[in-house]
Amino acid sequence: PLLARWDCGCVATGCLTRCDQPYDRHPLQVQLPGADNHRVSTQWTYPEGFDPRWTPRFPEVAAVANAVSLAMPHVEPFVIRAVRRVESSIDDPKLSGELRRFIREEASHHAQHRRFNALVIKRYPRLRWVDQCLGWTMRRLDKRSAAIGTGFAAGFELAGLAVALWLAPRTDLLLADADPTARALFLWHLGEEVDHRSIAHDVHRAAGGGGFAALVGLVMSLVVLALSALGGAVVIFAADRRWLRPVAWWRLLTWGIGFLWLSGPLFLSSMWRHPSDFLAPEESVEWKDLRPSADISAVAS
């Protein structure tokens, strides 16, 4: 079956088993302890013949976004398992409630990207090798300490915030002609990453995680995301015969430099600053423009 051996939706309960169901027939069901079964509330129906090159003006945007999306069904379950390992050590009722919301939202991201990735890999079968490499990597990280796991989770959420900050002023340019369904998926995901940007950090600290574990986790999360983006983009460029076009690599280079220029100070200062210090969404005009509420109402089922 297509895309067998991916993590199933029961990761929210801490299950470490694998799922052999193909993506297009897998139930989007998440079970949370102490609550009724939760079915993800926002789902997208992709049009017949959906083209994974969903940003025609800048195909490189879709290539990188699709490549990063490959990591989500592996990284999001790892993040859920990491925070659930230390859940019993959290004494703050408010943080415990926020953690349950965080797990629910991360599981929703995982389920939605599973469905999207099925369409992408159907168009680019060789991406399965990138997927398998990501799965192998995250299974190895499962053997690390709980502190490294929560440090990874905090770093991964910080990376999502950095992407949102970089994309916000460029949305009208880079996503102007994007497929509305794919556009809504990625902006919805970034919106929730910004909204819960502090929770994994607070869980890491509440569970006794120190600065060194946070630094190691941050570096690991950035390496995983970078390898996913680069490896997937190369496969997509080769399949689309864009890897010999200088403009494609020039765009990736300039965007990459711009992202590092913005995110570098953010990542460095995260060692002593709280994630909530970096952005107040309600005060950012650019961030309001990035939020995909209109897109979701138009394309979500």
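## A salt bridge to start with

## About the model

This model is predicted: local features need pLDDT of at least 70, side-chain atom pairs count only at pLDDT 80 or more, and totals for chains, interfaces and linings use all residues. Residues are numbered from 1 along each chain as its sequence is written, and side-chain values use heavy atoms, leaving out hydrogens and water.

## The overall picture

The protein chain has 11 helices and 4 strands (DSSP runs numbered from the N terminus: H or I for helices, at least four residues; E for strands, at least two). Of its 301 residues, 52% are buried.

The structure holds 8 salt bridges. R251 pairs with E60 at 3.0 Å, N to O. R251 sits in helix α9 and E60 in helix α1, so this pair ties together parts 191 residues apart in sequence. E60 is buried, at 0% relative accessibility.

E105 and R101 form another, with their closest N and O atoms 3.3 Å apart. They're 4 residues apart in helix α2, about one helical turn. E105 is buried at 14%, while R101 is partly exposed at 27%. Elsewhere, salt bridges with shared partners join D51, R53, R123 and D240 into one network.

Notes
Buried means under 20% relative accessible area, exposed over 50%, partly exposed in between (1.4 Å probe, protein chains only). A salt bridge is a side-chain nitrogen of Lys or Arg within 4 Å of a carboxyl oxygen of Asp or Glu.
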